[in-house]
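Please look at the sequence and the structure shown here before reading on. The report moves from a whole chain to its contact with a partner, and then to a single residue.

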Amino acid sequence: MAKIALGCEPVVGSLAPSRKRDYRVTNRLQEGKRPLYAVVFNFIDSRFFNVFATVGGNRVTVYQCLDGGVIAVLQSYIDEDKDESFYTVSWACNTDGTPLLVAGGINGIIRVMDAGNEKIYKSFVGHGDSVNEIRTQALKPSLVVSASKDESVRLWNVHTGICILIFAGAGGHRNEVLSVDFHPSDIYRIASCGMDNTVKIWSMKEFWTYVEKSFTWTDLPSKFPTKYVQFPVFIASIHSNYVDCSRWLGDFILSKSVDNEIVLWEPKMKEQSPGEGSVDILQKYPVPECDIWFIKFSCDFHYNAAAIGNREGKIFVWELQSSPPVLIAKLSHVQSKSPIRQTAISFDGSTILSCCEDGTIWRWDTVATS
Amino acid sequence: MASSKASASRSEPPAAHPTMAGMQEMIPAHKEILPVIDSLKIQVAADRSSYIKKRMEENRLKLLDVSNQLYKFSMERRNDKVNGTDKSIDLLTKRQKDAIDMQNGIDISNEDKDSSSSQEDGNTSSAILLGSSIAVKNAVRPIKLTEVKKLPPYTTWIFLDRNQRMTEDQSVVGRRRIYYDQNGGEALICSDSEEEIIEDEDEKKEFLESEDYILRMTIKGVGLSDAVLDDLAQCFSRKPCEVKERYEVLAKGEKSVEGSGNSFLHKDLDAALDSFDNLFCRRCLVFDCRLHGCSQDLVFPAEKQLPWSYPDEENVPCGPHCYKLVPKSECNATVTSSMRVDPREKSVPSPDGTQAQISRKKSLGPSVRRKPKSSHSESASSNARNISESSDSETRAVQDIISVPQSSLSPKSKLSRKYGIHKRNSKRVAERVLLCMRKRQKKMVVSDSDSVMSGSHGSKDMKLRSNSHKENEDSTSSSQKLKPLSVGRPRKKKPPVLDSQKIVQQEVPHGPSNEVISYRPVRSDEILRKEEFMGENVCRQDTSDGKPWKTIEKTLYEKGLEIFGRNSCLIARNLMIGMKACSEVFLYMNSSRNRMSSRAGDGVNSLLEVYSKGDCNETTGNGVRRRSRFLRRRGKVRRLKYTWKSAGYHSIRKRISERKDQPCRQFNPCGCQSACGKQCPCLVNGTCCEKYCGCPKTCKNRFRGCHCAKSQCRSRQCPCFAADRECDPDVCRNCWVSCGDGTLGVPSQRGDNYECRNMKLLLKQQQRVLLGKSNVSGWGAFLKNSVGKHEYLGEYTGELISHREADKRGKIYDRENSSFLFNLNDQFVLDAYRKGDKLKFANHSPDPNCYAKVMMVAGDHRVGIFAKERISAGEELFYDYRYEPDRAPAWARKPEASGAKKEDAGPSSGRAKKLA
């Protein structure tokens with residue numbers, strides 16, 4: 001590995017907890033026996049800020065966080081195919097505001113569930129292999145993007161059920177795509193990462209007409225002229241192993257591999273030559289015992305904090321935007337020993353949820369510091 | 001501030017304490033240096049962290065706006081909902097409310113609900129509250145998601161019309177590959193240990209601003225010494241010499257400026273042709289060919305084409321600026337003016353035999369247009385002649401001697417420097433010198449022996465070739481030009497490159513001719529002076545043209561002569577649009593011809609033919625020279641990436657396929673200029689020579705094509721068919737095809753022959769293939785329309801990869817038990833995994849309805865899939881993969897000749913490859 005040159009060192013957070021906030025376990029649920037791979041709060045619609053969804057096995061479950069650590073089950077969806085194993089779920093919404101759940105897994109079929117009517121809304125067949133992550137465009141929440149083992153990233157319009165764009169091909173990923181995320185403000189931009197150890201930034205600016213067209217498409221979705229986006233605008237090789245989670249932090253990108261840390265870096269693109277550029281690694285957020293892949297972190301609505309579980313069932317909550325980074329809290333519980341695949345932070349950061357390999361959901365709430 | 005490099009390494013603590021500790025026990029001198037360096041390092045680190053802090057803060061503010069905006073949106077959505085539709089429809093909201101109500105109401109229900117959490121009862125109306133530490137399963141009745149048929153697995157692939165060479169970045173050789181086994185549950189490293197040694201590239205890292213800063217400040221603080229450099233080097237983990245180098249650069253106070261922008265004016269046609277040579281594929285006739293790559297070896301045909309003979313235009317002007325519209329007098333004027341330059345020449349009789357005359361004309365003609373170049377050497381040798389008169393040897397060595405001392409002749413160089421001011425003029429002047437000498441030479445020749453003539457004639461080609469330096473012609477003044485030209489020439493590839501004129505001139509003094517003697521007293525500087533005067537005349541004539549001719553225009557004009565002959569209309573129209581009008585081209589052509597004709601001393605009429613002929617030889621020969629030179633230069637850079645040579649690792653493992661015991665050989669065109677002998681790369685490689693080879697058509701190693709008349713080349717009686725080749729209308733005598741589907745008419749048949757049916761791959765006349773779920777396993781390819789036996793269905797395309805690469809990729813493919821590798825020939829394997837066409841999905845069957853065949857199509861091997869029997873519409877296509885018996889996966893082994901298929905069956909150990 002290349003030595004970091006003088007004057008380009010990233011700022012590394014200290015693992016000494018700042019005790020800024022304290023969290024305590026307030027609830028624990030055993031959803032089932034199968035591992036839970038994803039948990040996510042609804043940030044799309046402010047009515048549902050306390051509603052979250054989990055996936056595990058062939059099941060998608062919707063919960064609500066209530067005061068006093070209470071969790072209520074609201075809905076549960078089960079795929080009739082027992083072999084389905086959902087890996088990811090995301091909240092989206094229809095153009096008329098109906099809350100939708102979008103889930104995908106090993107079968108490669110993306111299931112769109114209408115949470116307002118408690119029924120399956122649409123199923124997207126197209127990916128040639130398992131779907132590893134689905135994310136929603138917050139600015140246009142009927143657009144979702146999916147990352148798949150078939151080495152492609154696809155952009156879907158959940159409202160019309162159209163696969164608008166496929167980000168794959170000559171410049172695409174060369175192994176499973178594990179994670180993908182929309183840029184928070186630049187609606188054209190997405191970042192994807194995967195088993196080929198790279199993070200790729202794509203732009204759909206030139207293809208935006210297709211996105212617009214997808215909203216007004218009345219013919220069969222399969223007749224839509226889906227386009228391939230073959231070349232990313234930027235390719236970053238930050239990690240030397242699988243990159244299993246990447247998120248935009250403004251114009252910066254947070255990404256993690258299996259190296260016990262989250263890396264914050266800035267892509268510096270060269271305007272003239274797309275695909276080229278350099279990377280400035282700004283900060284690092286150490287996460288001990290986090291050396292297995294498919295562990296994802298999550299941020300609160302305002303990107304103030306990120307929570308990530310580790311192989312041993314502990315959670316590290318980092319203050320993202322301070323420099324140097326501050327470890328807000330390290331959450332551990334004697335009974336939480338199973339690897340935590342995904343966490344979710346509530347809108348204001350007061351609640352943290354974790355879902356584990358052993359099928360449990362843990363709820364942590366802040367305690368007022370004296 | 002500083003820009004950083006991509007790196008995944010663990011960070012070091014920002015401050016430099018560890019290094020400091022390590023250096024503590026060094027010699028005392030270091031004690032003074034280290035604190036300076038360290039304090040600077042600390043300062044740099046501090047700058048860095050404040051920079052990051054600043055950036056983070058900027059980003060935070062920006063992001064705050066964004067997230068507030070998003071928050072607004074989410075609030076709007078709530079309001080839309082609340083105001084818009086009625087709430088009862090939204091079950092999520094309803095359940096939310098129920099849950100809250102329940103929590104506020106009775107807390108007891110927890111236990112009840114939980115215990116009675118059977119699938120059926122009363123849970124449709126409300127949510128279930130789950131208190132802490134209560135395990136719950138199936139608390140609510142799940143909503144069933146009806147099963148949707150999933151697709152067979154595949155990897156997103158790119159459709160290809162035709163095979164493509166693998167690009168460098170797609171190679172997996174030398175990369176660590178991890179295969180994640182879905183069933184085993186863990187990651188396996190699928191690469192040899194030997195490859196994992198990834199050598200640290202020793203590329204020189206640029207010095208960063210921060211390093212420059214430390215470097216500068218340290219040396220400023222403690223002075224420059226070896227110890228300082230050593231410490232700095234250690235600090236930067238670089239070599240002391242690097243550091244020193246950098247310091248010197250910094251000390252100069254300016255960064256080294258590289259590559260002063262080469263203006264367009266310096267470029268000429270050669271530079272343009274250079275990129276043409278490198279990027280244009282002569283086999284596919286496209287730029288940036290993906291199949292053969294760029295920087296192919298250039299092959300020049302031994303047989304040249306005559307310039308295009310244009311039927312005599314019926315005096316129709318080509319446009320408003322056509323020379324035919326220009327008043328005659330003007331043309332004449334220029335002619336006479338150039339005549340006037342040296343009236344003596346006119347008066348010279350030409351008593352020599354026609355035969356000799358023609359041959360000389362041939363030799364002279366070209367040099368007229370090449371004049372700038374040859375003229376330099378002419379004048380050079382004219383001087384030289386005085387010095388080394390006695391030498392009549394024709395060897396090059398002598399020429400060297402001649403040309404070198406010449407440049408030291410002071411009067412000459414003085415004069416020529418003067419000429420250098422008006423470069424073009426000086427060239428013309430030199431041209432005049434040449435004319436005079438030619439005159440003399442001719443006279444001498446007339447009276448002299450034939451050997452001189454034949455000498456000049458024979459070496460004509462060489463001489464012309466050596467003129468290839470025209471790109472330099474106007475960039476340097478003639479005197480500066482002289483030396484490199486005459487010295488450099490002998491170094492060129494062809495040893496016998498002799499300037500015929502030089503030879504002749506060397507002989508001139510010995511010529512017994514009176515004429516020569518009469519000119520004898522003219523000393524070199526006298527000649528030059530005279531020529532200067534004449535040059536002025538010429539110059540005047542030039543300026544009357546208006547704009548002077550740029551290099552690019554001149555070279556374009558010369559190309560035009562090659563292509564169109566002396567037809568200013570065509571040259572102007574096709575090559576010089578926006579540069580020169582027809583009349584200008586005509587004038588230029590005339591002036592150069594006048595020069596030539598006056599030199600030749602006889603009528604212009606008969607010249608044209610001869611001229612263009614000689615011209616043709618000249619320029620093609622010239623071309624060879626020039627291109628190969630550029631190629632050599634360019635090759636170093638580009639060849640690394642795309643090369644024929646580095647592609648193959650074939651010889652190590654020749655494998656025996658089922659039918660043939662030898663794989664096909666990859667064809668590379670040879671550049672033989674005569675009939676191919678034992679050295680011919682094609683012959684050595686065991687391939688036939690093709691139309692792309694340089695060798696003449698009579699080459700014994702050429703594949704001659706077929707002469708099939710009525711058989712339509714569909715049986716083994718056709719030599720092409722028998723050799724697994726497609727017919728080539730360029731090669732075969734009678735093969736032709738009609739265009740389109742015949743609705744636009746059929747070309748006139750040649751005799752009573754039928755259309756050739758052995759060109760389907762070339763013409764891409766394939767059947768429509770559909771992709772669908774196989775009846776057997778995974779995906780399958782289906783035929784849309786029914787076809788007859790032996791009908792061509794389509795091509796199996798893919799990335800062309802080396803066998804070594806295929807072995808590497810195959811390791812993973814075999815684990816996935818889905819391989820799209822196809823052995824093409826001794827150099828290449830087709831890999832359709834990422835790039836291919838739909839036929840890659842056709843499954844294996846021991847009793848197939850199709851077969852694959854490697855065909856030679858226009859010099860390339862391609863895989864065609866043909867119907868083995870009649871296939872009706874909608875049928876799935878199968879062919880025998882012909883896996884090597886020992887490597888075939890279980891489903892493809894011969895004994896169990898059942899319908900076992902591609903995707904089902906356990907992983908195979910070896911690498912399975914399809915074989916034709």
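What follows describes a predicted model.

Chain B has 916 residues, of which 51% count as buried, and its secondary structure comes to 30 helices and 18 strands. Among the contacts in chain B that join residues at least 6 apart in sequence, 71% link residues at least 24 apart. The accessible surface of chain B is about 44600 Å², and 53% of this area belongs to carbon and sulfur atoms.

The contact between the two chains is summarised in the table.

| Feature of the interface of chain B and chain A | Value |
|---|---|
| Residues from chain B | 92 residues |
| Residues from chain A | 122 residues |
| Area buried between chain B and chain A | about 9000 Å² |
| Salt bridges | five salt bridges |
| Polar contacts | 30 residue pairs |

On the side of chain B that touches chain A, helix 2 (28–83) is among the elements that supply at least two residues, and helix 2 gives the largest share, 25 residues. By class, this side of chain B has 45 nonpolar, 24 polar and 23 charged residues. One salt bridge joins the side chains of Arg55(B) and Glu266(A), with a distance of 2.8 Å from N to O.

Is Asn163(B) buried or exposed? Because its relative accessibility is 3%, Asn163(B) counts as buried, the cut-off for buried being under 20%. Asn163(B) lies in the loop between strand 3 (158–159) and strand 4 (164–165) of chain B, and its side chain reaches the backbone nitrogen of Gly798(B) at 3.1 Å. Leaving aside residues up to four places away in sequence, Asn163(B) touches several residues, including Leu291(B), Tyr796(B), Leu830(B) and Arg862(B).

Notes. Residues numbered from 1 in each chain as written. Chains lettered and ligands numbered in written order. Predicted model: local features only at pLDDT ≥ 70, side-chain atom pairs only at ≥ 80, totals over all residues. Heavy atoms only, no water. Helix = DSSP H or I, 4+ residues; strand = E, 2+ residues; numbered from the N terminus. Buried < 20%, exposed > 50% of the residue type's maximum accessible area, 1.4 Å probe, protein only. Polar contact = N/O pair within 3.5 Å; in protein donor to acceptor, adjacent residues only side chain to side chain. Contact = heavy atoms within 4.5 Å. Areas by Shrake-Rupley, 256 points an atom, 1.4 Å probe, with all protein chains shown as cover. Buried area = accessible area lost by both parts, 1.4 Å probe. Salt bridge = Lys/Arg side-chain N within 4 Å of Asp/Glu carboxyl O. Nonpolar A, V, L, I, M, F, W, Y, C, P; charged D, E, K, R; others polar.
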